[in-house]
Amino acid sequence: MADTDTSTRRGALARVAIEKPVLTWLIILGCLFGGLWGFDTVGRLEDPAFTIKESIVFTPYPGASSEEVEREVTERLETAIQQMSQLKEVRSESSPGMSEIRVVVRDEFDGSELPQVWDELRLRVRDAQASLPPGAGPSRVFDDFADVYGILYAVATPGYSDAEVRDIANYLRRELLTVDGVSKVQVAGVPEERIYIELPQENLARLGLPVGAVLSTLSNENAVVSAGETPAGGRLLSIELPQTIGGVESIETLLINPGDAGGTLRLSDIAEVRRAPVERADQYIYHNEERSFTIGVSGLADANIVDVGTAVEAKLDALMINLPIGVELKPIYEQHVVVDEAINGFLINLGMSLAIVIGVLCVFMGWRAGVTVGAVLLLTVFGTLAFMAGFDITMQRISLGALIIAMGMLVDNAIVVTEGMQIAVQRGERRMKAAQDAVASTQWPLLGATVIGIMAFSGIGLSPDGTGEFLFSLFAVIGISLLLSWLLAITVAPMIAYHLFKSEQGKAVEDAYVGPIYSAYRSMLSGALKFRWVTVVALLVITVASYVGFGQVRQSFFPNSNTPMFYVNILEPQGADILTTDATIRDIARYAGAQPEAINVDAFVGQGATRFMLTYTSEQPNTAYGQLVVRTDGLEDIPPLGDRILQYIADTHPDVEARVDRIVFGPPSGAQLEARFMGPDADVLRGLADEAMARLRAEANVRDLRTDWRNRELVLRPQIVEERARTIGLTRADIGEALRFATEGVNVGTYREGDRLIPIIARAPEAERAIADNLSDRLIWSPSQNAYVPLTQAVDGFALEARDTLIQRRDRVRTLTVQANPPDGETAASAFVRFSAVASQIELPQGYSLEWGGEHEASQQANESLGGVLPFSLLVMVVTSVLLFQSVRQPLIIWLIVPMSVIGVTVGLLATNVAFSFTALLGLLSLSGMLIKNAIVLVDELDQRRVRGDEKLTAVLEGSVSRLRPVMLAAGTTILGMTPLIFDAFFQGMAVTIIGGLAFATVLTLIATPVFYGLFFRVRG
């Protein structure tokens, strides 16, 4: 009677749920309508957002060599920056005239703290400006890495002038910024123009006109000057001087005083003035061989990208009416379309998983129990969507995948409660008592098992690095859904079962666990208990063999994306003219576009594309760089097409470096294989890199071998004779100004046309600047002689030298990185074994070191971050299991099962040849949680039977048999629910891991747990 009263008190929640159905219906309706609201309002993205904890400090130093930039700018700024306590690492690139410093913040600082970190960075950089040499700076801190322009269009404007193209670009940008949900609009590749003033040196010399005087006149005429203020009748009137220069015609009529020649001349008498496109643009963009510009749209952080994309499309449709005839907008990447298709695909997978799980339950438990558990499952999914909207968890690849992963686990709690209630009713017990007993006997074990299941995923959810942030929604969604499933299992499930099981009361049975399956399991378990030590040895042998076999499984970090798009990165020799690079890229793009697999080919010359996805890293400006973004019809088209493009490049452009890169899930890690040589001397570093590349090329079987310092660039160095230069009154600045005028030209002002600013460039005519040899024939104004003299009086020729122009540093140490990729079909992890073995054979001089980067470093950092959290997760899991049983033996039995999870994992991965990726590692961790959960339910049942007085052997045998169906159904529904994810590129490794591991380990658990229990509690077989 006491037991009955205790059971009644412990099962009070089930009684309340049944006797006060209004409360239960509030929960049901809350889940249903909350889920509908959540589905309608939750944000939608392609991939989860993650914070790129990195900023770049750009500092110009015009005219300086890369060594001077490194020594006089980069070093001083790095010294100031390294004092920041939040710093993780500092990487820099010093190139002629520019210092670029990448500042990386430690993982523990989240996105909300970064603005304050960047403010401190700006303060330190600003304070360091005083230490920079004259002519350097000002420094600019760029931290907008989180901006993703996921709606990216190429705009073709055939036949229109550059001015008209700029008007079209400005019009589109202005109008798109008015769309609801749009945060930023970025335009790239718009042709620019200049006003060129070309002054032949013959005219200047004939008139004795110093070029500096002409440039000064032009600059003064165009300058914005203040003319003061004057009082007038109680008012204070500002005096504005109008802009003198009003265009090409106005510049041509500027009066120049030729000095001793007397009188004045118009500028057009001695120079040609014209308005023309810039000769060497910073970037050229082509869409399917047609010159274009791109316009990218970024949505607000909390906006639904699908809604934003739809609104942008509607706006563009309306704008097309006002655009000139022939202007076309062609999509490069439409994130809203990708997201919509991905979510629809995931919803189909989710629906399939729901149908599979409910169908299996109906077949093996009867339709009443199946409907009960299915209703709880459906309500859990709806309720999870409501909480996702409430906690601002977006609907994307990871969170939707988490729902599918959790699908089989969500039914565990409801199965145990429903099955216990169903068996009791079939034995003739009253439905209310059956509900109370079922809840009372399982609610705390199920809660403990649920907490342990959640904590199995907490390692990645609580990891502070980029990978953890990328996968955080996996942990959050699984945690929400599992806790909600437990709550619904002890409230909603008893109420539904109470009404549905009314017709099963007349089906009283003496023993519900009869039949061939139960009998076979009972006989098998009886034999295992009888020969327990043989069973333990067999389990140990199988487990050890599986760990040995696991060494043969392919390893990887993150898998390739299933987006049918890839990149071809192309590099001319460092220092190449961008016009040469442009011609090369256009030729390769023409070939790629002519291939049958290519749907679209977008070419970018001079730098990468606008960042159109978070995992895309846009290359910084480099005149030798070009990239093709190629879209195909399917993933299977990428390898053959990529190989043909590379072969074409090798045949027609042998001096060009080229590689094909796939889009990869997760945070970008750069080259897949990297060996970093660190030390002070550039020549020694290059020698080490050359030796490494020669060995790797011969022994390592890797592709795309290159270094991040690239080749040394040829530079012309004037041999200034200081004494002669001083004699004729020339300084280095005078010589530099004269040479700049004779080559790229000198900026003498800005023509303001509305809201546009057009630089005015004075330079020598093309005939004088087209050939480098002509520099020796230049004339230069001598202040001491008041006349032009040959440049050779101050410069004794020009020396052609090879110089390092991309000096890379890491934490203030020069670092030259040898980069490579694995062969097609091989993972970076397996290729790294050969790569590292070859590179590490190189003998390093004293003061030099070798580090590994690439995917190995990224994977290692992710695993270390995960390892930092895992002890806490394991501690919570262990403590929970101990508190649950108030003993040590039962938790020890349960944890002995965990190592067996690798048995099926090894078999599954080897059978499918799927790599063990980071997501597969998460699957292995979650698998341990599932096994522990099943083991808890089983051990708790054995404890209850033993405590209430059953003979030990009977308690173990019959207790195990009574849990056969719940454990098998929980495992079976999880396996079947995960099946759709086998075909998803991102979750494939996780799906195979869980399916294979659970299929084998569940069977072994049903044997191993009772056997270990028998050993620990001395049950005689």
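I looked up the largest nonpolar core and found 140 residues in it, of which L172, V312, I405, L471, L474, F918 and F987 touch the most other members. Helix α14, spanning residues 397-426, gives the most to this core, contributing 18 residues. I note that the model is a predicted one.

I then listed the contacts of L172, setting aside its neighbours within four places in sequence. The partners of L172 are V155, F293, I295, L316, L319 and L323. I also recorded a second, separate core of 41 residues, with A449, I452, Y521 and L539 among its members. As general background, I recall that nonpolar side chains tend to be buried together in soluble globular proteins.

Next I turned to cysteines. I searched the whole structure for disulfides and found zero.

My last entry concerns S458. I placed S458 in helix α15, which covers residues 431-461. Is S458 buried or exposed? I found a relative accessibility of 0%, so S458 counts as buried. Leaving out residues up to four places away in sequence, I found that S458 touches F475, V869 and S873. With S873 there is also a polar contact: the two side chains are joined at 2.5 Å.

Notes. Residues are numbered from 1 along each chain as its sequence is written. This is a predicted model: local features need pLDDT of at least 70, side-chain atom pairs count only at pLDDT 80 or more; totals for chains, interfaces and linings use all residues. Side-chain values use heavy atoms; hydrogens and water are left out. A nonpolar core is a set of buried Ala, Val, Leu, Ile, Met, Phe, Trp, Tyr and Cys residues joined through side-chain atoms within 4.5 Å. Buried means under 20% relative accessible area, exposed over 50%, partly exposed in between (1.4 Å probe, protein chains only). Helices (H or I, at least four residues) and strands (E, at least two) are DSSP runs, numbered from the N terminus. Contact means heavy atoms within 4.5 Å. A disulfide is a pair of cysteine sulfur atoms within 2.5 Å. A polar contact is a pair of N or O atoms within 3.5 Å; within protein, one must be able to donate a hydrogen and the other to accept it, and residues adjacent in sequence count only if both atoms are side-chain atoms.
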